[in-house]
Amino acid sequence: MKFVKLYLLTVCLVVSSFSYAQVPVKGTVTDEYKKGIAYTTVRLLLPDSTFVKGTTTDSIGCYRLEDVLKGNYLLSLSSIGYETKVYSFAIGNTETEKVLPALCLKENNVMLGEVEVKGTSFIRQKDRVLIIPDKQQVKHAFTGYDLLSNLMIPGIEVDRKNGVVATMGGTVTLYIDGRKVDYREVQSLRPRDIEKVEYFDVPTGKYAGDVASINYITKKWKSGGYVSLDANQTIGYLQGDYNAVAKVSHGSTSYTLFAGHAMYDYDEDDNRSIESFVLGDRSFTRNETTEVDKRKKNQQYAQFNVLNQTGKRTLSAKMSFVHSGMPDNGRRGMLDYSDYYEDVHSSSSTDQKSLAPSLELYGSFRLKDNQRLECSLPLSYTQNTYGRSYQENEYVSMTNVDEKLYMLSPSLNYSLSMPHQNTLTVQLKHFHRITSATYVGDNPSWQHLWSGETLLFASYNQRFGKLSMNGRIGMSALQYRLHGHEKTDYINPRGDLSFFYQFSNRQQFGIGAALGNAYPEINTINTAEQNIDQIHVKRGNPYLDKIKMYMASGSYSLQVGRFNLFGIFMYSSEINTVLPAFYLEGNKLVESYRSDGNYHLLKGGLDLSWRATDALRFKLGGRWQYSKITGLNPQDQNNVYGRLAMNYYWKDFSLNVYGKTQTRLLNGAGVYEWQDGNYGASVSWHHGGWALEVGTDNPFYTHAKTRSFLRSDVYRYDREVYSRLNQPTGYVKVAYTFDFGKQTSKDNRKVNTTIDSAILKAE
């Protein structure tokens, strides 16, 4: 009898378990070209439209809903630029997994610039902040940096003129549709082609390892093309930046050609410096007054891109060529030695040139619905020349350097999305550089250095209700060898761990810590020597130690109505940081590098953005920073400063005003940098394919200066620079885009114009 009861009870439990079975529901969302639509809002509803649960598709259009009971449901799909779709389905008793057919969304032919967003456009998701630009922010922007500035993201500082995006922790890494990009790509990205912006304040998955990440999600077009021209001309001194791009798309393949020219040519004036020397039994000061300081540069680039995209893969090839020249830069001044009673004339000139062809291959593959593999192979070659001459009365010094630099940096990134809101990512990267430089002149030598660093990381993130955990563990294996020296090997653990509690989709608090390492720059690890003047010599140091890095932080974010608040406090340190070293060698002062000091940094910040009306926006930020160097020459600096930005939109016009108070910083190289405050304003007009902007920086502020000074036992300097760049100036920007055929997405200028070099330079 007992056996019969037990049997009946078991049967009932089994039947009950099937009756209340919970199964995952998954599928994909595509456009009319069968390409996955990233970050579509997916809502699971009952037949009476009662909300059950929701999620968003990933970067390739896949979604997954966990633990869905049997029954009848509606699936609602919505994405900016597409018509909303509702699909009905049912889950039966015997199903263990429900795979829905690929669901296609039709374009609604409404550009994002015409979409009006009500309420907050900042949407806190489990691992990112999704930002939907409103029509004012899109209309009054011409580049990706303009739009990012208009969004006024708390905690983010955007220098749209120089293309720098940063947080208190460091530089933000920028992506377009999940691909890492550089300055030119974002500069040429047209805002009306941007659907959404993702801000990863705590990067996970493929973004793990970034200080912070921003990903632009763009609209895709299959045919047609465009030609775009833009020019930026400074008023007050000669500086310009001119670019052109042409693109043609056909089916899943697009071809893009970029070209550009940038230059400046101006004179610095009214710069002064005071140097103090202690050379054995001779102690003296030297005052320098600059009479002429010529600054010149020109740069040209060209690039051809081929991009092929399907629903399961993306392939691209970028071929670039960059030329950069800084000819006939020179300074002439008057020197006054305290122990010498006659004025001394000095002059110096430099001439630099670089040629840098490069090739980058990229592939992204969707292996399965929940698996993705990315690989890239950048290759570059750079030929640099550097020449310097210096004269001080009868003393003459000359140096010429020819360098060849080869760089290779392949990477692999594999990500796996698992059922219970967790993700595993494995990253493998290698950076390899070989440089060979020949020095002729005062101190002839040959420097050959190769370095290779391999990084391997495994990242894992897991969500427990409102709490999420992000962890990354790995290692760095570094090898480098300077010709004539023993090979150096380092193997170091690296990793980070953070926890974030999401009170709601508007409020989050988080803490984190990280362990890392770095190694000195290749232009310091050498035995080269340069004469700065007749008593000052600069020399490399091949024996610098590796740098250990530690970081801890806490942050809080809140979105309420028209307000967005972000606060952060963080501590970071660099153990064995590279600092300047000064010592005596006979009657000469030798300047080199040392790694026996530590750099500690405490930072706190609070940002508030406020959309007062649909037309008027404000962003206010305050910063506190305390930096300290310990070791042979202890130093510290305390600083508080603030920023303010205001945007006002009216029809086709916008007014932008910004301001920043004075900053007093001690950088990681042991140099104090005091910068006067600055301010400026601009008026822009946007209509159709045209954009025009007129602006001014520091009007009526004729003596803005930068002061830098350094202290050591045998050498000190104090310099005041009244740079032409910080004085009252104006600028004019003009841009025009012409579309032909069917509209195609505005491609990105994928040209990295940064020139790397391992040359030890006197200045």
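Q: In which sense do β37 and β38 pair, parallel or antiparallel, and over how many bridges?
A: Keep in mind that this is a predicted model. Strand β38 covers residues 616-630, and β37 and β38 form a hairpin with four residues between them. One spot to look at is Leu608, whose bridge partner in β38 is Leu620. The pairing of β37 with β38 is antiparallel, over 14 bridges.

Q: Over how many bridges do β36 and β37 pair?
A: β36 and β37 make a hairpin too, with two residues between them. Within this pairing, Ile568 sits opposite Gly605 in β37. The sense is antiparallel, and the count of bridges is 21.

Q: Which residue in the turn between β36 and β37 has a positive phi?
A: The turn belongs to the hairpin of these strands, and there are two residues between them. The one with a phi of about 70° is Gly586.

Q: Which strand pairs with β37 in the parallel sense?
A: Look for His536, which stands opposite Leu589 in β37. The parallel pairing runs over three bridges, and the partner is the strand of residues 536-539, β34.

Q: How many of the 24 residues in β37 are buried?
A: β37 spans residues 588-611 and is mostly covered. A residue counts as buried when its relative accessible area is under 20%. In β37, the number that pass is 17.

Q: Is Asn576 buried or exposed?
A: You'll find Asn576 in strand β36, residues 563-585. Its phi is near 70°, a positive value in a residue other than glycine. Most residues other than glycine have a negative phi. The relative accessibility of Asn576 is 18%, and the cut-off is under 20%, so Asn576 is buried.

Q: What is the relative accessible area of Asn698?
A: Asn698 sits in the loop between β44 (690-697) and β45 (706-711). Here as well phi is positive in a residue other than glycine, near 55°. Asn698 counts as buried because its relative accessible area is under 20%; the value is 5%.

Q: How far apart in space are Gln125 and Thr55, C-alpha to C-alpha?
A: Gln125 lies in the loop between β9 (122-124) and β10 (129-131), and it is buried, with a relative accessible area of 15%. Setting aside residues up to four places away in sequence, Gln125 touches Thr56, Leu130 and Gln502. Gln125 and Thr55 are 70 residues apart in sequence, yet their C-alpha distance is 9.2 Å.

Q: Which residues touch the most other members of the largest nonpolar core?
A: In soluble globular proteins, nonpolar side chains tend to be buried together. The largest nonpolar core here has 24 residues, and the ones touching the most other members are Ile214 and Tyr216.

Q: Which element gives the most residues to this core?
A: β10, α3 (144-151), β14 (173-176), β16 (194-200) and β17 (213-218) each supply at least two residues. The top contribution is four residues, and it comes from α3.

Q: Which residues is Ile214 in contact with, leaving aside neighbours within four places in sequence?
A: Start with Leu148, Val165, Val172, Thr173 and Leu174, which are among them.

Q: How many residues are in the second, separate core?
A: Among its members are Ile37, Val68, Tyr73 and Leu75. The number of residues in this second core is 18.

Methods
Residues are numbered from 1 along each chain as its sequence is written. This is a predicted model: local features need pLDDT of at least 70, side-chain atom pairs count only at pLDDT 80 or more; totals for chains, interfaces and linings use all residues. Side-chain values use heavy atoms; hydrogens and water are left out. Buried means under 20% relative accessible area, exposed over 50%, partly exposed in between (1.4 Å probe, protein chains only). Two strands pair if DSSP finds at least two bridges between them. Contact means heavy atoms within 4.5 Å. A nonpolar core is a set of buried Ala, Val, Leu, Ile, Met, Phe, Trp, Tyr and Cys residues joined through side-chain atoms within 4.5 Å.
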